[in-house]
Amino acid sequence: MIALSIIAVATVVLLIGQWVRTEVTALITISALLLTGILEPHEAFSGFSNQAVITVAAMFVLSSGLVRTGVVDYITATLERLAAGRLTVLLIVTGITTSFFSAFVNNTPIVVMLVPVMLAIAKHLNCPPSKLLIPISYFAILGGTCTLIGTSTNILVDTLFRQSGGSGFRFFEFAALGIPFWTIGFIYIILFSQKLLPERVLLSQLLDSKKRSSFITEMVIMAKSRYPGKKLGEIFPKERVRVLQLVRDEQVIFTPALDTVLAARDAIVLEADANTISKLTDGENLTGYAVADGDRVNIKHIDLETTEAVVTPNSSFCDRSLSEIGLFRDYGVHLLALRRLGRQHIYRLGNMSIRSGDVLLIQSDPEGLRKLQESENVLLIEGIEHSLRFPKQAPLALSIMLGVVVCSALGLFPIATMAVTGALLMLLMGCIRLSDAMHALEGPVLFLLAGTIPLGIAMDKTGMAGWIAENLTQLIGPWGPVVMISALYLLSNLLTEFFSNNATAVLLTPITLVVAQSMGIDPKPLLVAITFGASASFATPIGYQTNTIVFGPGGYKFADFTRIGLPLNLLLWVTASVLIPMIWPP
């Protein structure tokens, strides 16, 4: 059990720290379980053939099919027109739409699609996007709690419960708690989001707003220019430019004084808004540099083909350097600057590993930007149309999805059977291209499931789950099942804020089943507690993918999520503690 403890702790640390890709962490976990002899090969690789993993993968394809055919676009746009420019009404109708689709469709593509729409509306209403984007993410999370297929966590816990000999959950069984959750969360967001959310810089208006976000780039004093011999403060006024570093030959001067005399070929690392960078490089005195596949290349100016791109959670760019992803080679795109978690990064930009949520200031012609958008590795904030749609297939895609929902809800076929069949029909009927379907399979999520499911098996096999459950029962059991439900919800919720909702569910499910057996109660209420606790991630931008997606475009800081999300977490914890024992008596 000591070896398993080390493996489990190492897995958690790697997943939280994100020093290596999630897929690599999953393979490390599987290899460690095999090499230590804790699991046999068929047990260690069982995650890849697990029904939950297959179902989640099929749901990714189904969700992408609905988005690709424009079904979600059309309905969302219609409801937004009904809002008639009123912010509160806009939040209400968009919240209802987002929540509804998230109950049946993977919420990540829903939020990705809505971000540029909400940014455009915010610009039209002269409203900071930070007032709109966190609510959209929260609506998507709340909507996903209402059905069995609403989130991968629901599917996962249901599958593990059935594999342990349990009855599982019906298609709409989670709605008994999901609808009260959604109602309370919806009212909270409508009433308090505008008061608690900050006013942040609108990234899509970066090039023409008065209050600008800043970027970091490098400029070189040309030998034939009129700048050599002039003072630094004359060329780079401190009101508009913050000079971070001056490089002269081999000497590096940090935050040089404004009276520093400039010399030819001096390299200046500075922080400024996009328009200031454009004016400084518009001439023969300064040369600005961007990064093309790891190399510094000359940029003449920042024009209307300059935009911002947010790296999506399932992007193939993640954890790869610029030289590896080939932005310039494959798309003709130059990287001008990078912003990560609200912080600028200066050194060796070409060698930095790209991470989910990074905001890239890029420059290219419209065709290059369009190709980059079509790759679905980034979300372009403005100026480029959505990916290719197939509107003629929209009714067909909607019919396929309805068929999957109805047949699953009526119990005619298992959810896994219907999900795989629906995904196949989406492909055969031309609702989605094979390349798009393959891209829709979110590798990090699927590998995370495949890697943590064997860890859960190992915990059960070695007795670790029983040991933890025994201590948990001794500590909390005397207070009764209601307190145990509340405690498991809180534990699950705390873990998922900094860990992963799916990994949290996998690790807690075997422990929960043993706790229920030890206390002699129905495991359902306890499983519902960890399922909802793992899904209700509102207090951090890293606890849920949709939070990560809106983090960059909204210009948020980590504390912004805590300010609005923590009260909502506590409110839903109290709600779950009261309602779960009433709906599923222990």
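A residue is called buried here when its relative accessible area is under 20%, exposed when over 50%, and partly exposed in between (1.4 Å probe, protein chains only). The structure is a predicted model, in which local features need pLDDT of at least 70 and side-chain atom pairs count only at pLDDT 80 or more, while totals for chains, interfaces and linings use all residues. Residues are numbered from 1 along each chain as its sequence is written, and side-chain values use heavy atoms, with hydrogens and water left out.

Of the 586 residues in the protein, 58% are buried. The fold contains 26 helices and 11 strands, assigned as DSSP runs numbered from the N terminus (helices: H or I, at least four residues; strands: E, at least two). Taking a contact as heavy atoms within 4.5 Å, 77% of the contacts between residues at least 6 apart in sequence join residues at least 24 apart.

A pair of aromatic rings is described by the distance of the centres and the angle of the planes. Rings of Phe, Tyr and Trp (its six-membered ring) pair if their centres lie within 6.5 Å; planes under 30 degrees apart count as stacked, over 60 as edge-to-face and the rest as tilted. By this rule, the protein has 15 aromatic pairs. In one of them, Phe-139 and Phe-186 have ring centres 5.5 Å apart and planes at 40 degrees, so the pair is tilted. Phe-139 sits in helix H9 (residues 133–144) and Phe-186 in helix H11 (residues 175–196), so to speak distant parts of the chain, 47 residues apart. Phe-139 is buried, with a relative accessible area of 0%, and Phe-186 also counts as buried, at 12%.

Another pair, Phe-174 and Phe-532, is likewise tilted, because the ring centres lie 5.9 Å apart with planes at 55 degrees. Here the link spans 358 residues, from the loop between helix H10 (152–163) and H11, which holds Phe-174, to helix H24 (residues 523–535), which holds Phe-532. Both Phe-174 and Phe-532 are buried. Leu-396, Leu-424, Leu-425, Leu-428 and Met-429 make a nonpolar surface patch of about 440 Å². Patches consist of residues with over 30% relative accessible area and no salt bridge, like charges being joined within 9 Å and nonpolar side chains (Val, Leu, Ile, Met, Phe, Trp, Tyr) within 5 Å. A salt bridge is a side-chain nitrogen of Lys or Arg within 4 Å of a carboxyl oxygen of Asp or Glu. Helix H18 (residues 415–428) gives the most to this nonpolar patch, with three residues. Leu-428 is found in helix H18 and, at 62% relative accessibility, counts as exposed.

How values were computed. Accessible areas come from the Shrake-Rupley method with a 1.4 Å probe; for residues, only the protein chains shown count as cover.
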